[in-house]
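Please examine the model shown below before reading on. The paragraphs that follow lead from the DNA to the arrangement of the protein chains.

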2 protein chains.
Amino acid sequence: MGRKSIADIRRTELAQAAFEVLAEHGLQGTTLQRVAAHTGASKASVLHYYATKQALIEAALRKGNSTLREEAVLYMRLAQTPWERFYAIIEANFSPTTYLPRMAHGWVAMCAEVPHNPQFARLQRVIYRRLNGNLRSALIAVEPDADAAERGANMVSLLIDGIWLRLGMQVGGLSREEALDHLESHLAQRYGTTPERLAARARMAEVAATLAAKTV
Amino acid sequence: MGRKSIADIRRTELAQAAFEVLAEHGLQGTTLQRVAAHTGASKASVLHYYATKQALIEAALRKGNSTLREEAVLYMRLAQTPWERFYAIIEANFSPTTYLPRMAHGWVAMCAEVPHNPQFARLQRVIYRRLNGNLRSALIAVEPDADAAERGANMVSLLIDGIWLRLGMQVGGLSREEALDHLESHLAQRYGTTPERLAARARMAEVAATLAAKTV
DNA sequence: ATATTGACTGACCCGTGGGTCAATAAATGA
DNA sequence: TCATTTATTGACCCACGGGTCAGTCAATAT
């Protein structure tokens, strides 16, 4: 029953491979040939499962995104207070398993294509809305003014984007810890160093650590 | 004597055209054909002036960068206090003549190639260092702690990157005014609303306005 | 008038990448 | 056992993009 057909297996295999190739070689460098080679299959075989390159890339991005999303959900489930939910989002965005140069490469490559590819634009909008929405809904509980919360959420998401961009370029790239420190310094300025916030931060950091240990 | 040879004229023409095409169509879409068409010349003619596509793109980016730099220098020359120098940088980065979707497209396209192209990486490093250095040297005058100034500079440059990235993607894109507002809100949090800062901000905004009027 | 130089181009070459197709091999079912 | 689907592939096609080349044309120099 839970048996996956070969077709399904191949499809996810290929999507995974496509994502890895994309991360390593950029969009231009992601040829059907290379993706095929990466799984030991033939180019024609790739086309057999994905009628067009576009479809393959799309599946690859969707997969990468869903991986990230699942992790976020995992963190979110363990969060109880607003600040904990907030830090769940942060930790998810800087988790050791996703905050990696290759991931960032793939992401930036996609960003660059957004203006020329409606599919990418759509996906990007989804990601953006989810992140901003989550941040806002967490902040609105600690910052009564909805407008202020909106601004705060935007600021944080802008910082995250900037940090990821740098990771992708390896120019002024920040380590996971440096990235979190930067964010923390901003939060301290903006929201003061209340015990609740610090506790939430510590708690989610711990959650992240244990989850990371389990995954490895 | 200041007479420019046809060769020089053509070369800058082509670099300009290449930049425009790059901004509009992305790196993949920047073909010799298109650049040629954009100036009314033939593909072979383009190759006549730039032996290789790589060389052409490089010239295009160099030109785009120098345009931005010249504007920054212009602003900088009129700044007198540290905060004025700081806002000169900000205004230069959000000047109406440069803070444009097409510019951002070009920039993001370049960012995406950085991991695969040493030339781009080098150029990006130069840009990054200049921006960060300028910000830091301005901030160090208002924030005695060198480490804090470094952090502050980094934060601002991260925000700028994030904002530009969004402009390039037109996802959560901010208008010039919104962008400046966001930055202002961050600065207010971090450095308080001192009269000097506000005065400097107003002064450089005015400078920017008059310069913009002159250029148009 | 002629030689020389430099601007400019059409035609061509070649590699590559997306996509098609028909054929073969393996699995599945009747 | 035979039929029918399904997996997989090599060979091929076509378009396009970078780059070469030989040669035309106009300006300048002698």
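Helices and strands are here DSSP runs, numbered from the N terminus; a helix has at least four residues. The model is a predicted one.

By residue type, the surface near DNA strand D divides into six nonpolar, six polar and three charged residues.

Which part of the DNA lies within 4 Å of the protein: sugar and phosphate, or bases? Of the atoms of DNA strand D within that distance, 58% belong to sugar or phosphate, and the rest belong to bases. One lies 2.8 Å from a backbone N or O atom of Lys53(B), and one is 2.9 Å from a polar backbone atom of Leu32(B). For Ser42(A), the distance from a backbone N or O atom to a phosphate oxygen of DNA strand D is 3.2 Å.

Two or more residues of this surface come from each of helix H1 (6–29) and helix H3 (43–49) of chain A, and from helix H3 (43–49) of chain B. The largest share, four residues, is given by H3(A).

The two protein chains can now be compared. Chain B is superposed on chain A by a rotation of 180° with 0.0 Å of shift along its axis, at an RMSD of 0.1 Å. This is the relation of a two-fold axis. In chain B, the residue closest to the rotation axis is Gly162(B), with its C-alpha at 2.2 Å. Because 100% of the interface residues of chain B are also interface residues in chain A, the copies meet through the same surface.

Definitions and conventions: Residues numbered from 1 in each chain as written. Chains lettered and ligands numbered in written order. Predicted model: local features only at pLDDT ≥ 70, side-chain atom pairs only at ≥ 80, totals over all residues. Heavy atoms only, no water. Near = heavy atom within 4 Å. Polar contact = N/O pair within 3.5 Å; in protein donor to acceptor, adjacent residues only side chain to side chain. Nonpolar A, V, L, I, M, F, W, Y, C, P; charged D, E, K, R; others polar. Least-squares fit on C-alpha atoms with pLDDT ≥ 70 in both. Contact = heavy atoms within 4.5 Å.
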